Amino acid sequence: MILFSHPADFTPVCTSEFVAIARAADRFAALDCNLMALSVDSLFSHFAWLRAIHEKFGVKVEFPLIEDPTLEIARAYGMIAPDALDAASVRATYFVDPEGRLRASTCYPATVGRSVDEMLRLLAALQRTDAQHALVPADWTPGNDLLTVPSQLLPDVFAANDPTEWFYTPMKDAG
């Protein structure tokens, strides 16, 4: 599951994110991932905003959008500072595995929107590390090589054919 917060309804960057995420909902679903959003705005504000998005962009936002006008949820999850008066300062994204463990999080300022492609890449990377007991290198995309988990045994270090083979060995992505 991906839980993400946004500073407020009816704001330009938040609107662009919701349009992009809603348009990619099938890509998240293909990775067996549920989406859930959180905002300080009221339920009726959410309804009006989601209708405006639908009418302007032809996109239906069908993932849940939680209202948090007291900031109680945002504070409990560390999405905003404990002394914050509003949620206008941060866009937090939490990647939670099926066992309920936080696996990764990102935080963007209110002025910069999230990258849906990066959200999908990170989600796929987390799933690959679990399924293939592998590591994900920099700039990895699905289908590219992964890395094997290095041995922590000294005999394996000395048995390697070259000085980097024991800790840096590419492997095929079977995903």
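Predicted model: local features only at pLDDT ≥ 70, side-chain atom pairs only at ≥ 80, totals over all residues.
**Notebook: pocket and cavities**

Residues are numbered from 1 along each chain as its sequence is written, and side-chain values use heavy atoms, with hydrogens and water left out.

My terms: on a 1 Å grid over the protein atoms alone, a pocket is an open set of points with protein on both sides within 12 Å along at least five of seven lines. A cavity is a set where a 1.4 Å probe fits but cannot get out. Lining residues have an atom within 4 Å of a point. Volume is the space filled by probe spheres set on the points, which are joined across faces, edges and corners. Helices (DSSP runs of H or I, at least four residues) and strands (E, at least two) are numbered from the N terminus.

**Largest pocket**

I read a volume of about 240 Å³. There are 13 lining residues, and V96, D97, P98, L123 and Q127 are the closest to the centre. β4 and α5 each supply at least two lining residues. I sorted the lining into eight nonpolar, one polar and four charged residues. Here Ala, Val, Leu, Ile, Met, Phe, Trp, Tyr, Cys and Pro are nonpolar, Asp, Glu, Lys and Arg are charged, and the others, Gly among them, are polar.

**Cavities**

How many cavities of 30 Å³ or more does a search of the whole structure find? It finds two.

**Whole protein**

I count six helices and eight strands. Along the sequence they run β-α-α-β-α-β-α-β-β-α-β-β-α-β. The radius of gyration, over C-alpha atoms, is 20 Å. A compact globule of 175 residues would have one near 16 Å, by the rule of 2.2 Å times the number of residues to the power 0.38. I also noted the span of the C-alpha trace along its principal axes, about 65 × 40 × 30 Å. Buried residues (under 20% relative accessible area, 1.4 Å probe, protein chains only) make up 37% of the 175.

Note on methods
Buried < 20%, exposed > 50% of the residue type's maximum accessible area, 1.4 Å probe, protein only.
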